[in-house]
Amino acid sequence: MTTSSAPEPVPVPIRVLLPGDQEVVAHLWSRRQAGDGWRYEVGLPAYRNGPGDSVEPAEYRVWVRAPQHVRPVDGVSYDAVPTEYLEPPSPVKKALGPSRPSGWVLAKTGGRGPGRAGVVHTVDCAEAPAGTPVLPLDQALGAAEQPGVRLCSLCGAAAELDPVLKGFDHGFEET
C-alpha cells in the first residue's frame, strides 16, 4: 500500500454568489485556469438525510466561474489553494496562431459520369457543405485529380494541395 506524503488540502473560506442575489460562505477546495477564465471548486454547505429520520450536515461541491460567482473573504490567504495553470503556448504556436482542423471535404456540384464536378474545401471553409465526410490527405488528393474537380481558393485548399499535386517546384521554373 502506497501512502502519499502530500498533505490533504485544507479548504479555505470564500464567498459564493448564488442565484437570487444570495451569498453564502463556502469552502474553496481548488482552482483551475481555463481558456476563458478561472474555475473554482467550492463546497457549498447543505444538509442531507441520514439514517432513519436524521438530518446531517453535508457539502455539495461544484465548479463555479471566478470572479463572477465568488468573492474573497477579508483576511483570508488563498496562497495554499491547489491551483492548476494552463500550459503556456509554445513559441511556435504563439508565432503561427491557432491551427485549423485537419482534413478536407468534397462538395459535389453535379455533372454526369465518373468525373462528376466538385470543389475540394478545407473542413472549416464557410462554403463547405455541412455533414460531408472529412477526407484525409490521400483521398482529398485523389478527388482533386478527377476531371471537373477544382480546389477552393477562398479557404486555402488550393494553396495547401496544389504544391502536393503539381510538385513543390511549381511556380519556380526558369523561363
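Which side chains meet in a salt bridge at 3.1 Å, N to O, when one partner is aspartate 36? In this predicted model, the answer is arginine 65, whose side chain meets that of aspartate 36. Aspartate 36 sits in the loop between strand 2 (22-34) and strand 3 (37-49), whereas arginine 65 belongs to strand 4 (residues 55-66), so the pair ties together parts that are 29 residues apart in sequence. With a relative accessibility of 33%, arginine 65 counts as partly exposed.

Aspartate 36 also has a partner in arginine 39, and the closest N and O atoms of this salt bridge are 2.9 Å apart. Aspartate 36 is exposed, its relative accessible area being 51%, just as a value over 50% requires. Arginine 39, on the other hand, counts as buried at 17% relative accessibility, because the cut-off for that class is under 20%.

A further pair is found elsewhere. Glutamate 56 forms a salt bridge with arginine 48, and 3.1 Å separates the closest N and O atoms. Both residues fall into the partly exposed class: glutamate 56 has a relative accessible area of 28%, and arginine 48 has one of 46%.

The search of the whole structure finds seven salt bridges, among them the one between aspartate 36 and arginine 65. As a general point, side chains of opposite charge can pair when their charged atoms come close.

Conventions. Residues are numbered from 1 along each chain as its sequence is written. This is a predicted model: local features need pLDDT of at least 70, side-chain atom pairs count only at pLDDT 80 or more; totals for chains, interfaces and linings use all residues. Side-chain values use heavy atoms; hydrogens and water are left out. A salt bridge is a side-chain nitrogen of Lys or Arg within 4 Å of a carboxyl oxygen of Asp or Glu. Buried means under 20% relative accessible area, exposed over 50%, partly exposed in between (1.4 Å probe, protein chains only). Helices (H or I, at least four residues) and strands (E, at least two) are DSSP runs, numbered from the N terminus.
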